[in-house]
Protein chains: 4
Amino acid sequence: MQLGMVGLGRMGGNIVRRLMRDGHECVVYDVSPDAVSGLAGEGAVGSDSLADLVAKLQAPRAVWLMIPAGLTGRVVDEVAALLDPGDIIIDGGNSNYRDDVRRAAALRDSGIHYVDVGTSGGVFGLERGYCLMVGGPDEAFARIEPILRTIAPGSGEVERTPGRAGDFAPEELGYLHCGPSGAGHFVKMVHNGIEYGVMAALAEGLNILEHADAGVQEAEHSAEVAPLEEPEFYQFTIDTPKVAELWRRGSVISSWLLDLTAAALQGNPTLDGLAGRVSDSGEGRWTVKAAVDTGVPAPVLAASLFERFASRGEDHFANQVLSAMRLQFGGHQELPAGDVLEAGSRKSESSGGRQPGTDGAS
Amino acid sequence: MQLGMVGLGRMGGNIVRRLMRDGHECVVYDVSPDAVSGLAGEGAVGSDSLADLVAKLQAPRAVWLMIPAGLTGRVVDEVAALLDPGDIIIDGGNSNYRDDVRRAAALRDSGIHYVDVGTSGGVFGLERGYCLMVGGPDEAFARIEPILRTIAPGSGEVERTPGRAGDFAPEELGYLHCGPSGAGHFVKMVHNGIEYGVMAALAEGLNILEHADAGVQEAEHSAEVAPLEEPEFYQFTIDTPKVAELWRRGSVISSWLLDLTAAALQGNPTLDGLAGRVSDSGEGRWTVKAAVDTGVPAPVLAASLFERFASRGEDHFANQVLSAMRLQFGGHQELPAGDVLEAGSRKSESSGGRQPGTDGAS
Amino acid sequence: MQLGMVGLGRMGGNIVRRLMRDGHECVVYDVSPDAVSGLAGEGAVGSDSLADLVAKLQAPRAVWLMIPAGLTGRVVDEVAALLDPGDIIIDGGNSNYRDDVRRAAALRDSGIHYVDVGTSGGVFGLERGYCLMVGGPDEAFARIEPILRTIAPGSGEVERTPGRAGDFAPEELGYLHCGPSGAGHFVKMVHNGIEYGVMAALAEGLNILEHADAGVQEAEHSAEVAPLEEPEFYQFTIDTPKVAELWRRGSVISSWLLDLTAAALQGNPTLDGLAGRVSDSGEGRWTVKAAVDTGVPAPVLAASLFERFASRGEDHFANQVLSAMRLQFGGHQELPAGDVLEAGSRKSESSGGRQPGTDGAS
Amino acid sequence: MQLGMVGLGRMGGNIVRRLMRDGHECVVYDVSPDAVSGLAGEGAVGSDSLADLVAKLQAPRAVWLMIPAGLTGRVVDEVAALLDPGDIIIDGGNSNYRDDVRRAAALRDSGIHYVDVGTSGGVFGLERGYCLMVGGPDEAFARIEPILRTIAPGSGEVERTPGRAGDFAPEELGYLHCGPSGAGHFVKMVHNGIEYGVMAALAEGLNILEHADAGVQEAEHSAEVAPLEEPEFYQFTIDTPKVAELWRRGSVISSWLLDLTAAALQGNPTLDGLAGRVSDSGEGRWTVKAAVDTGVPAPVLAASLFERFASRGEDHFANQVLSAMRLQFGGHQELPAGDVLEAGSRKSESSGGRQPGTDGAS
């Protein structure tokens, strides 16, 4: 069928390519004329404005927006002004599902359908296909289903779930009508929230492996931390990149995120050059806020989000407060980074009750 | 090569089968004569005691124990008493790596090698192969490598990690020499710790999806909880089993644990009959304790463990304390489960400052 | 000075009493005529409608609302319609600070000042005074300061902070102008968020004390949980009520919440009759959402909120998912509550690799 | 009565002073002759060796050790060798309660009693008294009770818990016999675990207050983080030192730790010079491990411990892993600290699907 695509960045462009390969006709637009002409060279119908794009589509039209979330609201308005009742606007970007709910309501009287599509797949989507989480009216979903089916991965090489038989259901082909407008991005939001948790579980576990030699490092122990109690049990030097590779085969935690981790560690075993300041996009935050709103306990998802905040130093003032309290109640001096204990208290009992590096006095 | 196997339960039996298929010779023992005769019927050499098993092996021998962790210590001692210098004892069960460190040290003078093998793969291992994390002396590892290679999954259909080339490394075949005695179970322990975190991330996320209709339920709202502030954003009825199936294809969180989740929800979409009292084995606990010992932050792994504890009601006294405090400082009465607010305070302002169901007075 | 008070519940009534004791004049209103006549009997000027209340106040007026948060919006509108430029509306209830920001903006053109006052103190406030966190314009704050000073606890018997000298600052008297409209309830919100964390820390700690006899209980151990590894270290039967009382004296964690805990346990040492379903009001939720919005790590505050959710069973579906996964990958049967292991696997090695109650197969 | 004190550091010395003020006789020893002569000048009986100290005590003797935990084991052995059956050794330091259990067992045959005393009170104990948590045999506790009563704070100015009447119970005087050997330090351990949680709750809350101006900072927003969605609600500049002072009066979270916080912020309002690398002593770790052992959920206590670990950079490798994964799946470049977005994607839609600073492609 025919689709209009607005936004020809990496994902928008690849979706167009995937559609054209399967025989769909794409009318494309981007503020960058080069992006338009590039895809036109691959077989798409180029356009030089939103109005031009809409004019080149036959009614009832379907226009897919693949643009940064911050711009979606404005472009939805512009496109809607050009469309007719029965046409469909599809937001395939990373919008907050709340915006979908609002936009669908705003468009309701105009007779224009609003469909939100949460899209997962990353840079690999062109070949692998994109996992599509769709929200919107039944009628609109049914109309664009041929397009969704092409963009999605299909049943592929994934082993069929026991108990399923007969024709493949949409979810087995990689797309699903999750509910009314907003439901698609809601499910995508939770998907990303889970992703944060899975990533954190892997990262924390690998960090423990990296510290499995803590007993060897003990000689350099400082007063800043409690002494390792049984150093004999922490004498391992683990080759973390090899372990990540190993777990890809036959283990319970094999996963695509583990594949990526193994690839990252293969390319850069010591992770040189990475500062470890971990960004976050909106979805992890929205997921935690949705959990709070609905009264659902989500300590793992929240902790994974907060670890990212802390990685960027946002825990700094809190940590200063803790150090300040410790100074107050026990006269505990904060040691500068890397400082090594040489106080007599570990060598003799002469220091009596003085207990550096402990909350002893509390 | 030749291997002695002690313990012919599901995993021990399947490992023997997998070895025999690949031409290895297995001498087997179990306290259940039926288990022995069963495998003997499939080609193994049966034995009727540990001594008999040892006698039927040619030196230098390799004896694999696949028995419950609680019995391993005693059986290691019994087997060691029957072996000669240069022989190898392999513990393939779920021992705490600390026991490996102790046992290897205890055996050192005898010249008997001790190898620990963390084994992942579950009920699917016979066909899929087992992921093997190995600790022990280089010499012993090298000697049993042919066996490990057979038990492991091999390179299989897993896509090769970019940057790897040439012959497959052991970790690409599904087994790895992680370090000295204990290192195998240490890595397996962390693997399971990560597994807890991944499982919890999935479970929390799906729980949020289940509550996406909180705004619809709002009519039944009770004073027990804070009111949902924007019910219009929680009007979705999500088909969680379909979403789990969907995410298996093309999404960033596709993983074997997600496959299992989809299978579980396919077979029992409402999870009827499951009380949600989640057991835990030692590994998750040991992982958190290792994190604490080595000073590694592991909030996600710890939270996933604590959620399991709470699922079994171990948070009960703490929750009673919280309710008791609230009674004290605000006269907040705890509502019985399911109770619905009908106090006038929501209908009129006559109740003045009385704010049921809030910490208002604090 | 003169104050109008709307809402004569526990807190509103007590604030009026505290004001009258100190010589202020109070005009009072409540939808309950009995509440009005009761306070009129104690010296207040009664009124029988909002219009009557406003009419009995001299301009420039100050009207304090002490009503449930759900009603505040409507009553603010009604009162504002009766007031003149220069008058002040004070919201002393538990409003979300966001509503303050919106209401203050809505009133700006009318020349009516909006002041929000976060009020802490509970049932003890009449005698002890209320801690007041105030947001609003400088001019309005200055005008009502005499009233705030009376309602607040004053310097009381609290030891002066080292480094402070001279006249007492407002914060030393128990009230503070925190910033523009909304700032008062923002600070109160965070106060309550901290309160949740402190309460949880106490509750978790006392729960550990309650389980200090886990080694004694070990005989009844079931397969549902990992066995206690060193039962000899968990043989204590701690008298938790006495410990709570003890810590009130000289310990680092002495606090008012501990006082309440000791009182609760003194009155009901086994906490009989408390189901442990812990309510939450909005503030804890808003605090976590504010942390998420501003990128501040708040794992402790979030965990304390999620524990409350879980105490009400909101973790149920997540726990079912976990049990369902475990069934899939290891054939782990969930044991019914209270079930005790009697499988042979602990008594003999006959069960080979069967490891009940573990994630062994993973 | 008479007491021998070994270890005359800050706490040991002050306990001796507090005892002498109340008429007890103290024989004192320290490896520092100056410490001994100093206290001798204040009325204590000095000694120049452990043997001398023991010789100067009348049987049945009581010897209190107030020395660093690392030395306690050796000194217990030395003192025990000098004592007679019926004598008492008291460990008032910060030992792990497990060491108490072991030491008491080792001394059992000798007839020497072992008493462990967890001591809280810090630098303020000389005047305020110390909160004492005691473990050991009934007989030994009864014998040293006069000493404990003197060291403890007494009923002081703490308001009596409602429902208590008649003579003060020991816990109302600030000391408690918690159980057999080890119980004292067990209760102290949990006390400190709670302390970590309370400190973290305060620090996180104050950190949120510090970020209440996030909406003002928004102009400097970088692509590294999700944009603040409603900056109009984060426009507050909160004077955190004043708020800490305010909450000391009449609020629900008034506590000694809050007093210390207010004092710290009064002395150093911006916490200049504090790096925020927060030390931890053993107790917080032991508490979490006890929770894990006994199956008690302790997410708040664990999170507060992990925050300290992270404050010292122990989350670094985990964060690098997260950044490395993000690079893999979405080509997300990690921005250097402080970098500001200037990519076109926020200014125009020309970038199409390129979404810097998001997990957009996932």
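Which residues of strand β4 (residues 62-65) of chain A lie on one side and which on the other, and are they buried or exposed? The legends below begin with that strand.

**View 1. Strand β4 of chain A is covered on both faces.** In this predicted model, A:Ala62 and A:Trp64 lie on one side of the strand and A:Val63 and A:Leu65 on the other, and all of them are buried. Here, buried means under 20% relative accessible area, exposed means over 50%, and partly exposed is in between (1.4 Å probe, protein chains only). Helices (H or I, at least four residues) and strands (E, at least two) are DSSP runs, numbered from the N terminus. Residues are numbered from 1 along each chain as its sequence is written, and chains are lettered from A and ligands numbered from 1 in the order in which they are written. Because the model is predicted, local features need pLDDT of at least 70 and side-chain atom pairs count only at pLDDT 80 or more, while totals for chains, interfaces and linings use all residues; side-chain values use heavy atoms, with hydrogens and water left out.

**View 2. β4(A) has a parallel partner in β1(A) and another in β5(A).** Strands of a sheet pair through backbone hydrogen bonds, either parallel or antiparallel. Two strands count as paired if DSSP finds at least two bridges between them. Strand β1 (residues 2-6) of chain A is joined to β4(A) by 3 bridges, and A:Val6 has A:Leu65 as its bridge partner. Strand β5 (residues 88-91) of chain A is joined to β4(A) by 4 bridges, with A:Trp64 opposite A:Ile90. Follow the chain from β4(A) through helix α4 (residues 69-82) to β5(A) and you trace a right-handed β-α-β unit. Right-handed means that, with the strands pointing away from the viewer, the path from the first strand over the helix to the second runs clockwise.

**View 3. Strand β7 of chain A is buried between two partners.** Of the 5 residues in β7(A) (residues 131-135), 5 are buried. A:Cys131, A:Met133 and A:Gly135 make up one side, and A:Leu132 and A:Val134 the other. With β6(A) the pairing is antiparallel, over 5 bridges, and A:Asp116 is partnered by A:Gly135. With strand β8 (residues 175-179) of chain A the pairing is parallel, over 4 bridges, and A:Met133 stands opposite A:Leu176.

**View 4. A:Gly118 sits in strand β6 of chain A.** This strand spans residues 113-120. A:Gly118 is buried, because its relative accessible area is 0%. Contact means heavy atoms within 4.5 Å. Leaving aside neighbours within four places in sequence, A:Gly118 is in contact with A:Cys131, A:Leu132, A:Met133, A:Gly184, A:His185 and A:Lys188. The C-alpha atoms of A:Gly118 and A:Asn94 are 6.9 Å apart, although 24 residues separate them along the chain.

**View 5. Chain B holds an open sheet of 8 strands.** The order is β3-β2-β1-β4-β5-β6-β7-β8, with mixed pairing. β3 (45-46) and β8 (175-179) of chain B stand at the edges, each with a single partner strand, so one side of each has no neighbour in the sheet. Inside the order, β4 (residues 62-65) and β5 (residues 88-91) of chain B pair in the parallel sense over 4 bridges, and B:Leu65 has B:Asp91 as its bridge partner.

**View 6. Helix α9 of chain C meets helix α14 of chain D.** The axes of α9(C) (residues 183-210) and α14(D) (residues 299-311) come within 8 Å and cross at roughly 110 degrees. Axes are lines fitted to C-alpha atoms, for helices over the stretch in contact, and angles run from 0 to 180 degrees between N-to-C directions. Among the residues making the contact are C:Gly197, C:Ala200 and C:Glu204 of α9(C), and D:Pro299 and D:Val300 of α14(D).

**View 7. A:Pro297 touches residues of chains B and C.** A:Pro297 lies in the loop between α13 (282-294) and α14 (299-311) of chain A. A:Pro297 is buried, because its relative accessible area is 5%. Its contacts, not counting residues up to four places away in sequence, include B:Glu204, B:Asn207, C:Phe306 and C:Phe309.
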